[in-house]
Amino acid sequence: MDYRAPASVKEAVELLALHDGRAHVLAGGTDLLVKLRGGFVAPQVVVDVKAIPQLRGIESDARGFRIGAATSCAELAEHAAFSAAWPGVVEALHLIGSTQIQGRASAGGNLCNASPAADSVPAMIAAGAICQVAGPAGEREVPVEKIVTGPGRTSLARGEFVVGFRLPKPPPRSGDAYLRLIPRTEMDIAVVGVGVSLALDDKGVCTHARVGLGAVAPTALLVEAAGKALIGTRLDAPALAALAAATSAVCKPIDDKRGTIAYRIKVAGVLARRTAAIAFDRARARNP
Amino acid sequence: MARVILSGTLRDLAGGDAEVELEARDVRQLLRALGERYPELAPHLEQGYAIAIDGEIFQDAWFAPIGPDSEVHLVPAIRGG
Amino acid sequence: MNDVTMKGLGERMWKVVGTRPVRPDGVDKVTGRAKFGADLNLPNMLIGKVLRSPHAHARIKSIDTSKAQALPGVKAVVTSADFSDLPSEFIPAGEMMVNFRDMTRNVMAREKALYEGHAVAAVAAISEAVAAQALKLIEVEYEVLPHVMDVAQAMQPDAPLLHESMYTIGMEPKPEKPSNVAKRVEFALGDVAAGFAKADVVIEREFTTQPVHQGYIEPHACVASVSEDGQAELWCSTQGQFIVRNFCAKLLGMELSRLRVTASEIGGGFGGKTVVYLEPLALVLSRKAAQPVKMVMSRTEVFKASGPTSGARIWVKIGATRDGRITAAEALLKYQAGAFQGSPVQPGCMCAFAPYDLENVKVVGFDVVVNRPKVAAYRAPGGPISEFAVESVIDELAGRLNLDPIEFRLKNAAKEGTKAAYGPKFGPIGLVQTLEAARAHRNYGVPLKANQGRGVASGFWFNIGGETCAALNLTEDGSVTLVAGTPDIGGSRASLAMMAAEELGIALDKVRPIIGDTSALGYNFLTGGSRVTFSSGMAVIEAAREMIRRLRERAAKIWEIPLDSVAWEDGHARAVGGAKQVAPMPLAEIAKTAGKTGGPIVGYAAINAQGAGPSLATHVVDVEVDPETGKVTVLRYLAVQDAGRAVHPSYVEGQMQGGAVQGIGWALNEEYIYDKNGRMENPGFLDYRIPVCSDVPMIDTVIVEVPNPRHPYGVRGVGETPIVPPMGAIANAVANATGIRFTDLPMSPPRVLKAIDEKHAATSK
Amino acid sequence: MDGTRKFKVATKHHVTTTINGDPAEFLCTPEQTLLDVLRDVLYLTGSKEGCASGDCGACSVILDGRLVCSCLVLGVEAEGRDVETIEGMANGDELHPLQQKFLEHAALQCGICTPGFLVAAKALLARNPDPTETEVRYWLAGNLCRCTGYDKIVRAVLDAAAEMRGN
């Protein structure tokens with residue numbers, strides 16, 4: 001195995017294309033190093049993308065935020081403006097592993113590792129994040145929910161990798177939140193994860209809602225029916241019940257060491273309700 | 001004579017005798033006497049039994065004294081983690 | 001808040017015992033200097049690795065190591081052919097008897113691989129990478145056999161047999177066919193049928209527990225070096241360097257004195273480091289390669305090939321009168337032994353009802369082999385499993401009788417003179433005192449909210465003594481080196497040095513304790529059975545008394561007076577009885593002239609410590625259950641325990657707190673999960689969920705002191721009892737929070753939610 | 001397969017870095033983790049391997065001011081970086097307040113997890129000099145201890161924080 005740390009996107013794309021399929025992108029390494037150690041992957045080369053300026057840091061402008069794909073979760077969580085704008089995304093990022101993992105893990109890595117249970121992905125989906133993908137044909141933008149196609153699989157083409165994310169500036173009276181269920185309080189993989197992002201009109205009625213759902217299907221899902229259940233409501237009990245039902249309805253989980261099918265389906269609805277309530281409170285608190 | 005109480009598996013091996021009286025001034029004498037009285041029991045006695053003499057447990061202690069009126073229990077040896 | 005309740009003292013003024021000094025090995029451990037198992041490197045050292053069975057049960061038809069042997073950089077390859085077969089012979093080990101025929105098969109599979117992770121071959125090479133490559137070149141031909149994982153299945157007449165020649169011991173009539181049941185044991189007192197007939201209320205329940213791992217953070221590790229003349233050195237992380245020496249010498253056919261074993265600092269054991277895994281392999285590899293060999297397990301190997309303790313099925317039936325007196329109790333325990341016989345079912349039987357004063361008791365246990373790693377001792381081996389079940393039924397009975405759970409236990413508590421269900425009468429024991437202290441504690445009165453519940457459980461463990469040596473060497477400047485033979489897992493160098501300082505009457509910092517290797521002292525049984533502060537402490541006190549006798553002799557010679565005219569007080573020799581008017585002579589002064597007065601002054605004790613007193617505990621826990629997710633949160637936790645005498649109270653509390661949190665893990669989340677092929681699905685700390693810091697509250701403690709009359713300072717072991725009550729206490733708390741009795745561990749969120757939903761479904765019908 | 005085939009010697013990288021304030025150089029293969037390098041190449045064995053998967057925290061080090069698991073960092077990634085390990089925590093013969101408080105509170109039993117906890121706690125107090133008990137517990141959730149039940153560790157960290165604030 002070789003190790004390369006290119007300084008530009010172009011150079012990285014070339015390396016990835018050259019070693020087609022046998023090169024592995026290294027961002028925070030918190031998943032990759034475990035796989036290397038366990039012998040689950042044996043790349044010819046690891047391409048450390050952290051030396052590429054575009055992959056690091058947070059920028060903001062009138063339209064919103066751009067985050068470098070390899071920026072560590074700890075850096076993102078410490079960014080005051082980003083945390084204020086997208087608290088749900090930040091709490092999801094902040095739940096990826098321990099403090100130690102936070103110092104290394106990145107949103108790009110969490111997405112491209114393509115685990116159905118990645119914490120940041122449902123929150124990013126709810127937030128309507130756009131993924132910036134670089135490849136031999138240049139850069140393209142893709143909604144975050146279109147990247148992962150199955151456990152361990154992505155839609156990225158040969159030589160492509162994720163360089164960053166765009167998140168819009170949150171509208172007035174909007175809020176987002178993320179909750180997950182784990183057996184302990186920390187250090188576990190989500191059994192269910194739910195991200196909700198919503199906006200209210202000046203009367204407190206929900207005008208926009210997106211629900212992202214993790215760990216209950218081969219990929220994280222955008223649950224459109226769940227969002228629709230909230231729109232036009234003040235998140236009263238029937239609306240939350242409809243939300244829970246819509247969320248549970250799309251679950252296609254498996255029985256595994258982390259939870260049963262029945263458990264995941266039920267808890268997905270419970271968490272959707274609880275997450276929406278938090279997002280709702282945040283939206284109301286963010287009254288312009 | 002010391003009173004020796006057998007229970008559970010040991011009692012089965014001793015043909016159902018729950019209690020016997022034996023002449024023994026220490027643990028080794030007791031084990032010998034028991035083994036002679038109950039040949040079925042003999043091979044088990046060297047395998048991890050502790051001796052409770054008047055309530056106090058002795059392990060691997062051949063010369064722990066047994067009084068003339070002592071009550072003696074055979075108890076599986078305990079090791080612990 | 002941590003409290004110490006003093007009871008029944010008044011015999012002497014303690015100067016050192018009962019204080020909380022900084023431990024003597026502490027600085028090494030906070031600076032990274034302390035050397036643990038994997039921290040030793042020797043010149044010319046090779047790295048050894050183990051090839052392990054991917055199958056839960058398979059006949060090994062052939063092993064071809066020729067390609068691995070031929071790989072450049074590979075220095076030795078071993079299989080079971082490198083170990084002589086040993087006859088069936090039982091000797092005492094960590095928790096009960098060990099059979100060398102089984103042990104040699106467990107360290108290296110012989111005819112069959114009996115569990116996933118069972119060692120099949122091992123290599124030593126110039127680097128870890130080469131060793132790993134060599135493992136891939138070893139060709140093993142397996143015939144995969146049907147496997148069996150659960151005791152109920154394993155006890156079926158048509159179950160796949162692990163050992164074709166195993167016949168159940170303890171069955172009448174003797175079985176004619178082999179089976180997976182190694183042993184039946186029974187303990188009985190009185191007449192249970194008559195007892196149940198007198199009961200007004202009888203409750204019987206079935207329980208299951210899953211295997212749980214000791215979960216020490218340091219993986220097994222060792223370095224072996226065998227020279228061309230057969231002299232061997234072994235460095236390893238173990239709870240007993242002497243038992244490692246004896247096991248390895250037996251497995252390798254060596255003379256004991258030719259193998260010197262040094263115990264490294266040990267990064268946790270909890271019973272799991274009382275057996276050998278890598279050590280004999282490293283020695284054989286080193287003997288073949290004539291170079292030092294280091295071996296370290298990965299975490300995956302630790303889970304798949306070492307530990308755990310038994311999973312079990314338990315049936316308990318208890319009857320009581322309306323006024324709260326238990327009339328009869330009965331239990332049936334079936335414990336997984338793993339691939340070889342030797343589960344802790346026997347101590348499990350003996351502990352089951354030990355906290356209670358009962359006239360009619362019957363407990364039957366079965367030791368059952370299954371295709372899982374051979375169980376190893378785990379903190380009070382066997383006790384937590386049976387006592388979880390018993391404490392659950394006790395609690396339910398208290399509820400049925402409308403009695404406070406502590407009150408009900410007090411009405412039936414064993415005390416001094418109580419005849420234990422397993423036979424003997426107890427000496428002074430502290431259950432009543434722990435119950436009373438728990439009831440008086442502020443935690444017992446905190447009001448609870450919706451979905452919250454409080455649970456109580458008590459626990460018992462025997463504690464042991466055993467063979468022990470200690471040496472005290474007086475140096476010329478009056479400081480003392482202390483050599484103990486029991487590895488220090490949780491601060492015992494502190495407690496031993498404190499007892500030496502107390503007895504000699506000198507300052508604690510004048511005593512420097514170390515753990516000796518196997519050539520430094522006579523035989524020591526291992527660190528286990530909560531025996532170190534008790535037994536090594538007893539040996540240290542005896543060694544100090546011997547040293548004091550010699551100090552008095554020297555003073556008597558110097559003063560030219562008879563020995564019995566010299567007393568030892570506060571670190572000084574004093575002339576007494578008017579023989580001579582001289583100023584007391586401090587220890588340091590006698591030390592300075594020791595060479596001129598007869599040579600170096602030492603104290604040595606070699607004993608077989610008897611009279612270990614049981615330690616009893618009562619725990620009280622408050623939990624909150626999320627009714628929509630089934631998640632249980634521990635809100636408050638109180639552990640009360642009888643320590644006899646707390647030599648260093650901080651480390652006694654540490655045992656209580658650590659055991660409680662291990663128990664929380666056992667109760668709520670820890671379990672071995674296997675797929676249908678008998679392969680473990682969660683062999684790592686990600687999915688084998690031991691409690692993390694944010695999972696638990698502060699663990700409040702109260703130390704009760706009911707001195708053990710058979711120890712010079714009143715000490716009882718404290719290390720194991722704390723893991724006994726938590727599972728029962730938490731199950732009882734969850735029952736009080738939800739109205740549902742949970743009988744299966746762990747009470748993980750899916751299981752709890754399922755029960756809650758089923759209850760709702762039943763009540764809404 | 002050919003039993004006599006040669007094993008491939010991996011190309012080693014030359015890495016220049018700073019460890020505990022001192023310049024350091026080492027050679028490592030791309031597969032070696034920073035933990036492997038610290039322990040097996042530089043013989044800084046204070047950082048421990050408990051899991052090699054980032055789940056136990058026994059290998060915690062501070063990399064450019066960030067707390068990380070050294071088992072999840074490649075050795076080559078240390079190039080030009082600043083690494084702080086347990087061996088650099090005391091100031092000469094003066095223990096760090098956290099080290100002192102761990103001793104006073106008996107916040108260790110076996111001690112295998114202690115270096116990781118100390119490094120992690122140091123990183124916490126550098127960012128948050130006055131943490132609550134809950135903040136301490138969540139910050140340290142990536143450090144497993146099987147002996148203490150965490151009680152005395154949390155107390156030691158809170159006490160050290162108070163002392164470092166000058167209370």
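How much area is buried between chain D and chain C, and what share do carbon and sulfur atoms give?

## The D–C interface

In this predicted model, about 4,600 Å² is buried between chain D and chain C, and carbon and sulfur atoms give 61% of that area. Buried area here is the accessible area (1.4 Å probe) that two parts lose on being put together, summed over both. Chain D brings 47 residues to the contact and chain C brings 64 residues, with contact taken as heavy atoms within 4.5 Å.

Four salt bridges are counted between chain D and chain C; each is a side-chain nitrogen of Lys or Arg within 4 Å of a carboxyl oxygen of Asp or Glu. K48(D) and D39(C) form a salt bridge through their side chains, at 2.4 Å from N to O. On the side of chain D that touches chain C, there are 23 nonpolar, 10 polar and 14 charged residues (Ala, Val, Leu, Ile, Met, Phe, Trp, Tyr, Cys and Pro count as nonpolar, Asp, Glu, Lys and Arg as charged, and the others, Gly among them, as polar).

## The largest cavity

The largest cavity has a volume of about 520 Å³, the space filled by probe spheres set on the grid points, which are joined across faces, edges and corners. A cavity is a set of points, on a 1 Å grid over the protein atoms alone, where a 1.4 Å probe fits but cannot get out, and lining residues have an atom within 4 Å of a point.

Its lining has 33 residues, with S530(C), T533(C), Q655(C), V718(C) and G719(C) nearest the centre. By class, the lining of the largest cavity holds 12 nonpolar, 16 polar and five charged residues.

## Reading notes

Residues are numbered from 1 along each chain as its sequence is written, and chains are lettered from A and ligands numbered from 1 in the order in which they are written. In this predicted model local features need pLDDT of at least 70, side-chain atom pairs count only at pLDDT 80 or more, and totals for chains, interfaces and linings use all residues, while side-chain values use heavy atoms, with hydrogens and water left out.

Methods:
1 Å grid on protein atoms, 1.4 Å probe; cavity = no way out; pocket = protein on both sides within 12 Å on 5 of 7 lines; lining within 4 Å.
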